[in-house]
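Hi everyone, thanks for coming. Please have a look at the structure on the screen, and then I'll walk you through a few places in it.

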Amino acid sequence: MIERHEEWSDLAPMYVLGGLEAEEVAAFEAHMATCEPCRQEVRELQEVTGFLPLAAEPVAPPQGMRARVLGNVLGHAQESAEAKPAAAPAEPEAPVVLQEDLAPQHERAAQPGPACRRQRLCLRPGWKRLPRHSHGSHKRARVRAAAAPGA
Amino acid sequence: MRQIAERDASALELLYDRYERAVYSFAYRIVGDPMTAEETVQELFMRVWNNAERYDASQGKLTTWMFAITRNIAVDMLRRRSKGAAATSVEHETLAAYADEDTNTEEEVQRKWEGTRIKEALSQLNGDQQQVIESIYYAGLTQQEVSSRFGIPLGTVKSRVRLAMRQLQKLLADAELHPDAGREGIHP
């Protein structure tokens, strides 16, 4: 059980980098909900991790990826619209990393499924969390089929 | 993003065109193969399309938001792929990097400049620090997994991450890379 602020603060770099387990993330976020210095530290560290993706070497996307991705995304949207009654609210298809508000810890604990283990990025301070158990597997199958040699 | 939230397909296409290369390259960096990288990009844009109204520009850069989702998806895919299989390689020497021949917009030039700066900063970390950044951020391992995989005490993993992040903070500040450097001016 962590009691001293310094111990919580020591978790911030690992939290931001994405190296904590889901339980550790939940505990740290519960602490941050009441600790402005930790929130501030996390914000500052996120300015660093925000640049890390840019260290990836530029890679040319596969030929035809744009048409496949947009076709699947927008095609799926059209299918959904046709399949649902007009008044039905759009249902989030998949988990999302979103901002503002920390979800209550009990709600996070109630999230079923193996994907919960890796919730870190969905649970950053000030970020909303949505259900994240649909991963569009049928869409991935389409991608695989379309991207396969000879497709 | 507001237009996307209002189901404006052309706005999504515009967003896609602006970030395709950046998010694909990042996804590829994590998953290491073109098919899974494309799946990652598709899942990213599916989530953006379905949840754009929840993006709040006042809370951070659009690229940061999109990259965070991209990493989340890519790491989940890595996990699923490696479940029950041998340890995931954390080496990326085999990445098929191609010439960045399409760097032609001001925004892409800016990202390329930032990418050069962050690569320089990473290269200035010592080997141990590079290893933990690579293993955790790019390969999706937890601190416990890094500890057991490389036989490093957990406390040492933590201290290496702390030192690496502090040093990166300083190096990026010295390089005049700061949060506003890449802040998006346009919110489709």
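Predicted model: local features only at pLDDT ≥ 70, side-chain atom pairs only at ≥ 80, totals over all residues.

Residues are numbered from 1 along each chain as its sequence is written, chains are lettered from A and ligands numbered from 1 in the order in which they are written, and side-chain values use heavy atoms, with hydrogens and water left out.

So, how many disulfides are there over all chains? A search of the whole structure finds zero, counting a pair of cysteine sulfur atoms within 2.5 Å as a disulfide. Take Cys35(A): its nearest cysteine sulfur belongs to Cys38(A), 3.6 Å away. Cys38(A), in turn, has the sulfur of Cys35(A) as its nearest, at 3.6 Å. Are these two buried or exposed? Cys35(A) is buried because its relative accessible area is 8%, and Cys38(A) is buried at 0%. Here buried means under 20% relative accessible area, exposed over 50%, and partly exposed in between, with a 1.4 Å probe and protein chains only.

Next, helix H4 of chain B, residues 62-82. Helices are DSSP runs of H or I, at least four residues, numbered from the N terminus. Of the 21 residues in H4(B), 18 are buried.

Finally, Glu176(B) sits in the segment after helix H8 (154-174) of chain B. Glu176(B) counts as exposed because its relative accessibility is 61%. From Arg54(B), Glu176(B) is 122 residues away in sequence and 30 Å away in space, C-alpha to C-alpha.

Note on methods
Helix = DSSP H or I, 4+ residues; strand = E, 2+ residues; numbered from the N terminus. Expected span 1.5 Å × (residues − 1).
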